[in-house]
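Trainee: I am new to this structure and would be grateful for a close look at one part of it. Please take me through that part step by step.

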Amino acid sequence: MGFMDIFKKKNSGDVAKDRLKLLLVSDRADCSPDVMEAIKNDIIQVISKYMEIDAEGLDIQITQTESETSNGTVPALYANIPIKDLKHSC
Amino acid sequence: MSEVIVITSGKGGVGKTTTTANVGTGLAQLDKKVVLIDTDIGLRNLDVVMGLENRIVYNLVDVVEGNCRIKQALIKDKKYPNLFLLPSAQTRDKTSVNPEQMKKLIEDLREDFDFILLDCPAGIEQGFQNAIAGADRALVVTTPEVSAIRDADRIIGLLEANEIGKIDLIVNRLRMDMVKRGDMMSVDDVCEILSIDLIGAVPDDEQIVISTNQGEPLVGSSSLAGKAYQNICHRLLGEEVPFLDLNSKEGFFAKLAGVFKK
């Protein structure tokens, strides 16, 4: 870490705000880590029927996104599913 | 028309009781007839903050159980004859009272008072359910910290589920020096996260400690916190009051630095 990086460190107030935003979305959705794990496993099963995916690299989370219909944000399920091999694809 | 306001937060120690005492006293200063109800059964505190601890004869549980009439349990404030306290019981627990009994008590008090303020205990269990049972609106108190804000969000959800008509936010214990250097969330940050209407921002002020030591709420005094509480009272009466510039009470060196920055 360079000398100047000390001054570039993110303010703790911003860190708190970012952490809270994520935390409250999952609090409000009332999704326990167990439920999230179950969703994740089901997604892996379904997608694996059609293509080979990287189950280890799969990441799902509940986030906020801009609503297309109304103003403001709505919760959304975000999934990042890395594909290993497309050979099974239709 | 009387209004019943519950002051709540979820997390303990963020300033519910101090807020109740100051908002209640502030409304009394504006010539409203006010009663403060301490609903924290078993952990009575509003009486000491108000400086009325030596005058208690009967309490909330006595009234609910019919051991006395409401008027016998109400303690008149030292300074304001239109301000009253209904203290909580110290040697009982939250199950001594149920939400139906609270609703009945509040309906009886509505006839005589303009404002009924309920000081809610921390937590979301029976004490909370009792406190919100008869409320028309809520003031949610939080501090700019992750734990307090998370609990406030949960409380807001519960208040909405219980159909509390209006929910407003008070951000308490702001330290503007820390906000400025980015080490504390600002009022705007907190409002953005919780997305409810802001009714007051109260700075962290050592005068609060002093006033609590003395048992005299500081609302209306020249201190920044005193002014902030007074503004909340005006807003509760429907007046438009601009938010205080909490930066105004800077030290000499901060002001000097400000001059050089320009």
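At what angle do helix α7 and helix α9 of chain B pack, and how far apart are their axes?

Mentor: Please bear in mind that this is a predicted model. In chain B, helix α7 covers residues 146-161 and helix α9 covers residues 187-194. The two pack at an angle of about 40°, and their axes lie 10 Å apart. Because of that angle, α7(B) is oblique to α9(B). The crossing in which α7(B) passes α9(B) is right-handed. The residues that meet can be named on each side: α7(B) contributes B:Ile149, B:Ala152, B:Asp153 and B:Ile156, while α9(B) contributes B:Val190, B:Ile193 and B:Leu194.

A search of the whole structure, over all chains, finds one aromatic pair. This pair consists of B:Phe84 and B:Phe113 in an edge-to-face arrangement, with 5.7 Å from centre to centre and 75° between the planes. The pair links distant parts of the chain, as its members are 29 residues apart: B:Phe84 belongs to strand β4 (residues 83-86) of chain B, whereas B:Phe113 sits in the loop between α5 (99-110) and β5 (115-119) of chain B. Both B:Phe84 and B:Phe113 are buried.

How values were computed. Residues numbered from 1 in each chain as written. Chains lettered and ligands numbered in written order. Predicted model: local features only at pLDDT ≥ 70, side-chain atom pairs only at ≥ 80, totals over all residues. Heavy atoms only, no water. Phe/Tyr/Trp six-rings, centres within 6.5 Å; stacked < 30°, edge-to-face > 60°. Helix = DSSP H or I, 4+ residues; strand = E, 2+ residues; numbered from the N terminus. Buried < 20%, exposed > 50% of the residue type's maximum accessible area, 1.4 Å probe, protein only. Axes fitted to C-alpha atoms, helices over the stretch in contact; angles between N-to-C directions. Parallel < 35°, antiparallel > 145°, perpendicular 65-115°, else oblique. Left-handed = near helix turned anticlockwise from the far one by under 90°. Contact = heavy atoms within 4.5 Å.
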